[in-house]
Amino acid sequence: MSKLAIVGGTGLSKLVNLEKVYKRVIKTPYGEPSSPLTFGTFGGKEVIFMARHGFGHTIPPHKINYQANMWALKEAGATEVLAIAAVGGINKTISPSSIVIPDQLIDYTWGRCGTYFEDDLEQVTHIDFTFPYSKDLRERLRQLVGRLGLSVSMTATYACTQGPRLETAAEIKRLRGDGCDIVGMTGMPEAALARELNLAYACCAVVVNWAAGIDDQEICMDDMQVYAEKGMQTVYRLLNALAKAPE
Ligand code: HPA
């Protein structure tokens, strides 16, 4: 049976409506995860929740211990991970407060530990990452999106930048030229580590701003908050439906 873990990002540091809640601190060989794991039932199904930036939202994207986080979820029995992430919109058809379930990514980060296959190896391992997100989990999400009548883009390339600063207009122009539609800071190495652990991983991104230079305005944190809250209402509907859906 599958067990769903939800990794909450900016705008989702806890799951309201989670019932029969208890928390567990999971130790990993890679150090401490961002937060204790929260276990509970959501939409009648058991789920595991992790706050990617910590419960107080204190861990910046480049300091997150992605290795410990994915390991802890695996250790706790998760078989699939839905990662919620705030992003900027690069593609002009993807405006703030939209929801995007990307199908591809490009990794622009550096210096993050991106593999479990590093030390004491019996042999070198290269995971297949042609399609970085789980086909099966994305398909289930696509069906739920249709059933709920939501407007969600399902074909998009996620650019993962280093942060924590936002990008320059020239950087976004380059990402656009590379074919990126949205930009965030936490999608990698999270997705690759999940694949190495055989966790089915998909991302549900909430667009909280136009990426730098797309609309000739500076990016305003207060506006980002407003769009995050608006987009999160749709994410909640999707999460509820996912938790309730039969496998
Ligand atoms: N760039 C990178 N990460 C982000 C952005 C952005 O514009 N908005 C939210 N996360």
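Is H53 buried or exposed? H53 is buried, since its relative accessible area is 6%; here buried means under 20% relative accessible area, exposed over 50%, and partly exposed in between, with a 1.4 Å probe and protein chains only.

## Basis of the report

The structure is a predicted model, in which local features need pLDDT of at least 70, side-chain atom pairs count only at pLDDT 80 or more, and totals for chains, interfaces and linings use all residues. Residues are numbered from 1 along each chain as its sequence is written, and side-chain values use heavy atoms, with hydrogens and water left out.

H53 lies in the loop between β4 and α1. Helices (H or I, at least four residues) and strands (E, at least two) are DSSP runs, numbered from the N terminus.

Apart from neighbours within four places in sequence, H53 is in contact with G9, T10, T58, I59, P60, P61, I64 and T186; contact means heavy atoms within 4.5 Å. I214 is 161 residues from H53 along the chain, and the C-alpha atoms of the two are separated by 27 Å.

## The nonpolar cores

A nonpolar core is a set of buried Ala, Val, Leu, Ile, Met, Phe, Trp, Tyr and Cys residues joined through side-chain atoms within 4.5 Å. The largest such core has 38 residues, and those with the most contacts inside it are L37, I48, M70, L73 and I182. At least two residues of this core come from each of β1 (4–8), β3 (37–42), β4 (45–51), α1 (66–75), β5 (80–89), β9 (157–160), α4 (190–196) and β11 (200–210).

## Helix α1

Helix α1 is largely enclosed by the rest of the structure, because seven of its 10 residues are buried. The buried residues are Y66, Q67, A68, N69, M70, A72 and L73, and their cover includes β1, β3, β4, β5 and α4. Just after α1, G77 takes a positive phi of about 100°.

Q67, found in α1, is buried with a relative accessible area of 10%; not counting residues up to four places away in sequence, Q67 touches Y30, C113, T115, Y116 and L193. L73, also found in α1, counts as buried at 0% relative accessibility. With residues up to four places away in sequence again not counted, L73 touches A5, V7, L37, I48, M50, A78 and V81. The C-alpha atoms of L73 and I48 are separated by 7.8 Å, although the two residues are 25 apart along the chain.

## The crossing of α2 and α5

The axes of α2 (residues 135–148) and α5 (residues 221–244) come within 10 Å and cross at roughly 115°. Axes are lines fitted to C-alpha atoms, for helices over the stretch in contact, and angles run from 0 to 180 degrees between N-to-C directions. The two helices are therefore roughly perpendicular to each other, where angles under 35 degrees count as roughly parallel, over 145 as roughly antiparallel, 65 to 115 as roughly perpendicular and the rest as oblique.

In α2, the residues L137, R140, L141, L144, V145 and L148 meet R237, L238, A241 and L242 of α5. By class, this contact has eight nonpolar, no polar and two charged residues; Ala, Val, Leu, Ile, Met, Phe, Trp, Tyr, Cys and Pro count as nonpolar, Asp, Glu, Lys and Arg as charged, and the others, Gly among them, as polar.
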